[in-house]
Amino acid sequence: MVVSAVIGSAPAGEALEVVHFARAHGLTPRIILLHDGSGRLTLSRTILAAYRQVKRLLDAPDARPPTIERS
């Protein structure tokens, strides 16, 4: 079973909580990045830091740096 968190639509730390909760309960964590209407990412520094921390926890490659805008 997969448990998802959306970075950019909830408090930044919530994604980390989802990852820890999912792993503690034998579930697979999945993180989704919220895009704007044009398909771009506009993430605050706080949300971007949470994304990077979650990415490290999941050992996911960073495939999105050119599209991320800081607000």
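**Around I47**

I start with I47: setting aside neighbours within four places in sequence, I47 is in contact with I7, G8 and A12. Contact here means heavy atoms within 4.5 Å. A word on provenance: this is a predicted model, where local features need pLDDT of at least 70, side-chain atom pairs count only at pLDDT 80 or more, and totals for chains, interfaces and linings use all residues. Residues are numbered from 1 along each chain as its sequence is written, and side-chain values use heavy atoms, with hydrogens and water left out.

The protein chain has 2 helices and 4 strands, in the order β-α-β-β-α-β from the N terminus. These are DSSP runs numbered from the N terminus: helices are H or I with at least four residues, strands are E with at least two.

On confidence, pLDDT is the predictor's own score for each residue, from 0 to 100. The chain has a mean pLDDT of 78, and 83% of its residues reach 70 or more. Over residues 62-67 the pLDDT is below 50, and that stretch has 8 contacts in the model beyond near neighbours in sequence.

Now helix α2, residues 45-58. α2 has 14 residues and reaches 20 Å from its first C-alpha to its last, close to the 20 Å expected at 1.5 Å a residue; the expected span is 1.5 Å times one less than the number of residues. Its buried residues are I47, L48, A50, Y51, V54 and K55. They lie on the same side of α2, because they cover an arc of only 160° around the axis. That arc is taken over the directions from the helix axis to the C-beta atoms. For accessibility, buried means under 20% relative accessible area, exposed over 50%, and partly exposed in between, with a 1.4 Å probe and protein chains only. As background, an α-helix has 3.6 residues a turn, so residues three or four places apart point the same way.

The face of α2 turned away from the buried side carries the exposed residues R45, T46 and R56. R45 counts as exposed at 59% relative accessibility. R45 and A12 are 33 residues apart in sequence and 9.9 Å apart in space, C-alpha to C-alpha. After α2 comes D59, with a positive phi near 55°.

Which residues are buried in α1? They are A12, A15, L16, V18, V19 and A22. Their arc around the axis is only 155°, which puts them on the same side of α1. On the other side of α1, E17 and A24 are exposed. The cover over the buried residues of α1 includes β1, β2 (28-33) and α2. F21 is also in α1, and F21 is partly exposed, with a relative accessible area of 45%. Just after α1, G26 has a positive phi of about 70°.

The largest nonpolar core has 15 residues, and those with the most contacts inside it are I7, A15, L33, L43, I47, Y51 and V54. At least two residues of this core come from each of β1 (2-7), α1 (12-24), β3 (41-43) and α2. A nonpolar core is a set of buried Ala, Val, Leu, Ile, Met, Phe, Trp, Tyr and Cys residues joined through side-chain atoms within 4.5 Å.

Last, the chain as a whole: of its 71 residues, 27% count as buried.
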